[in-house]
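Keep the sequence and the coordinates side by side.

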Amino acid sequence: MNPGVLATIAAIYGALLLATAIVYVLVPRLSPGKDHKELKQRTNSWWVIVTLLAIAVCFNIGLSIIFIAFLCFLALKEFLSLIPTRRADRRVLFWAYLSIPLQFYWIYTGWYGMFIVFIPVYVFLFLTFRMVLIGETAGFFTAVGMLQWGLMLNVFCISHLAFLLQLHLTVPTAYPPGPGLVLYIVLLTELNDVAQFCWGKLLGKRKIIPKVSPNKTWEGFLGGVATTILLSYVLGPLLTPLRGRVCFEMGLIVAVCGFIGDVVVSAVKRDLGVKDSGSLIPGHGGILDRIDSLTFTAPIFFHFMRYFY
Amino acid sequence: MTRLLRALFVLLIVKPISLIVLGINIRNRERLPLKGPAILVANHNSHLDTFVLVSLFPLSRLHHIRPVAAADYFCRGPVMTWISKNIFGVIPIARKKETRLEGSEAEDPMQPVYDALQRGSIVIFYPEGTRGEPERLAKFKSGIAYLSKKFPEVPIVPCFLHGLGKALPKGEAILVPFFCDIFVGEPIRWNGEKERFMNSLESSFNELTSQLKLPAWD
C-alpha cells in the first residue's frame with residue numbers, strides 16, 4: 001500500500017477531529033443559545049463517510065468496486081424516486097438497475113472498451129427499444145431522456161471512479177496507482193465543495209447564478225478555486241504521479257468541474273421542486289447531494305490521467 | 001421456536017429489503033409508539049407496506065408487532081395459514097361473511113385484534129381494507145372506528161406511505177427499487193362519535209399527503 005494514501009487518511013481523520021472539536025466546543029461558545037443540530041449531524045456524517053471511503057480504498061480492488069457499485073445503486077434509486085416515472089415503465093427501470101452489476105463487472109475484468117461504450121451505446125439503445133415494446137407513446141421522449149440522463153450521471157460518470165483502480169499508467173509508479181488516484185479525486189472534490197461553501201459564508205456577496213443556486217457566489221467560487229489548487233499541490237505528489245505545474249492545472253479543473261457538477265444537480269432538483277435529493281445522510285441530504293460534483297470531476301480526471309500519463 | 005423463525009425472517013429478508021433494496025425516508029419518527037397497546041393505521045398499496053412498517057421497530061419488539069390481514073387471502077390452505085400466523089406474525093380476520101368459521105356467527109370477527117391489544121401489541125391496520133390501485137388512497141372502511149370505540153385509550157398513529165405501490169404493485173411479481181417515504185402523523189384517539197372519528201382520521205391523512213411534494217404516478 002502506498003504510504004501516501006495511509007498518511008492522507010490519517011491526516012483526514014486529524015482534520016475531522018479538529019472540525020468536530022470546533023463544532024462541539026467552540027461554536028456553542030461563540031454563539032450560545034443557537035441550535036447547531038444540522039452542523040453537528042453534518043460533522044457526524046463525515047465520520048461515517050470518511051471511514052467508508054478509507055475501507056473502500058485500503059483493501060482489495062474487488063471490495064472497492066463493490067462499494068462504488070453500491071454507491072451508484074443508491075444514487076440511481078434516489079434519482080428514479082425523484083423523477084416522475086410512468087407506471088408503464090416499471091420493467092424498463094428494472095433493466096436500468098441491471099446495468100449497474102454489468103458495468104462494474106466489465107470494470108472488474110479491466111475491459112476498458114466495454115466499460116466505455118456499454119451504457120452510452122448498448123444500454124441506451126436497449127432501454128429505448130424496451131420502452132417501445134411497452135407501446136406507451138404519451139410522454140415517451142421525456143421518459144427515455146430522463147432515464148438516460150439518470151444513468152449517465154449516477155452510473156456512467158461515477159463508475160469512472162472504479163476504473164481508476166484498473167488504470168495502467170505509462171509513467172512508472174512505486175505502488176499500484178489506483179487507490180491514490182481515487183482518494184485524490186474524491187478528497188479534492190469534496191474539499192472543494194467544503195471550501196466553496198466556507199468562503200461563500202465568509203465573504204459571499206456577488207451571486208453567480210441566482211436562478212439556479214442562490215447561495216453560490218463569486219467569492220465562494222474563487223476562494224474554492226484557490227484553496228483547491230493549494231490542496232492539489234499537497235495531495236498531487238502524495239497520492240498521484242502529478243507534479244508541479246500539472247497539480248495547479250488539475251486543481252483548477254477539479255474546482256471548476258466540481259462547481260459545474262454541483263449547479264447541474266441543483267438545476268435538476270430545482271426543476272423537480274425539491275431542496276434535497278433525499279435524507280439518507282443526516283445533515284447532508286441525499287446521496288446525490290453529496291456526489292453531485294463527483295459526477296463531473298471523476299470522468300474528467302479519469303480521461304486526463306488516461307490521456308496524459 | 002416460531003418466534004426465532006420470525007426474527008430470522010425479519011432480520012434476513014424483511015429488513016434488508018426495506019432498508020437496502022428500497023430505503024426509507026421517514027418524517028417524525030419520534031411519533032411512532034415504542035410500547036403497545038397502539039394501532040398503526042396506514043394506507044395500503046403493496047405487500048411491502050407491512051415489510052417497511054415492521055422494519056421501523058427494533059427486533060426486540062418484534063413479537064409485539066402484529067399486522068392485521070385478510071383471512072381469505074393469507075389463510076388459503078394449512079401451509080399458508082401456518083406461515084402467515086407464525087412467520088409473518090399476522091392476525092387473520094374474516095373480511096367476508098362466507099369465510100367466517102362455521103358456528104362462530106355470534107363472535108365478533110375482530111376478536112383476535114381485541115385480544116392482541118389487550119396483550120399490549122402494536123397492531124398494524126389498513127383501513128382501506130385492500131391494496132387497491134397503486135398510489136391512490138381509497139375510502140377508509142369504518143372497522144377502525146369500531147376498534148377505536150372499544151379501546152378509546154389506545155392511540156391511533158396514522159402513517160402515510162408513498163412509493164411502495166411503484167416498487168411492487170398488486171399483481172406484479174418483479175420488485176423495482178424505489179425509496180419509500182413515510183410520514184407519521186400525530187396520534188389520534190376515539191372522540192365519541194363514528195363520523196367525527198372517521199373525519200379526523202381522513203383529515204390527518206390528507207394533511208400527511210399534502211406534505212409530499214412529488215409528482216403523481218401515472
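Which residues point one way from E2(B), and which the other way? Ala38(B), Leu40(B) and Ala42(B) point one way, and Ile39(B) and Val41(B) point the other way. All are buried. Buried here means 20 or more other C-beta atoms within 10 Å of a residue's own, exposed means 12 or fewer, and partly exposed lies in between, with C-beta atoms placed from the backbone.

Before going on, some ground rules. This is a predicted model, in which local features need pLDDT of at least 70 and side-chain atom pairs count only at pLDDT 80 or more, while totals for chains, interfaces and linings use all residues. Residues are numbered from 1 along each chain as its sequence is written, and chains are lettered from A and ligands numbered from 1 in the order in which they are written.

Back to chain B. Strand E2 covers residues 38-42. Helices (H or I, at least four residues) and strands (E, at least two) are DSSP runs, numbered from the N terminus. E2(B) is mostly covered, with five of its five residues buried. Two strands pair if DSSP finds at least two bridges between them. E2(B) runs parallel to E5(B), joined by four bridges. Ala38(B) stands opposite Ile122(B) in that strand. E2(B) also pairs in the parallel sense with strand E6 (residues 156-162) of chain B, again over four bridges. There, Ile39(B) has Ile156(B) as its bridge partner.

E3 (residues 65-70) and E5 (residues 122-125) of chain B pair in the parallel sense over three bridges. Arg66(B) is partnered by Val123(B) in E5(B). Angles run from 0 to 180 degrees between N-to-C directions, and axes are lines fitted to C-alpha atoms, for helices over the stretch in contact.

Leu59(B) sits in the loop between helix H2 (48-55) and E3 of chain B. Leu59(B) is partly exposed because 14 other C-beta atoms lie within 10 Å. Leu59(B) and Leu8(B) are 51 residues apart in sequence, yet 9.5 Å apart in space, C-alpha to C-alpha. Leu59(B) touches Ala7(B), Val10(B) and Leu11(B), not counting residues up to four places away in sequence. Contact means C-beta atoms, placed from the backbone, within 7 Å.

Turn to chain A. The axes of H8 (residues 218-239) and H9 (residues 245-272) of chain A come within 8 Å and cross at roughly 140°. That makes H8(A) oblique to H9(A); under 35 degrees counts as roughly parallel, over 145 as roughly antiparallel, 65 to 115 as roughly perpendicular and the rest as oblique.

Finally, the two chains meet. The contact takes 16 residues from chain A and twelve residues from chain B. Helices H3 (61-82) and H4 (90-109) of chain A each supply at least two residues of the side of chain A that touches chain B. H4(A) gives the largest share, five residues.

Conventions: Two residues are in contact if their C-beta atoms, placed from the backbone, lie within 7 Å.
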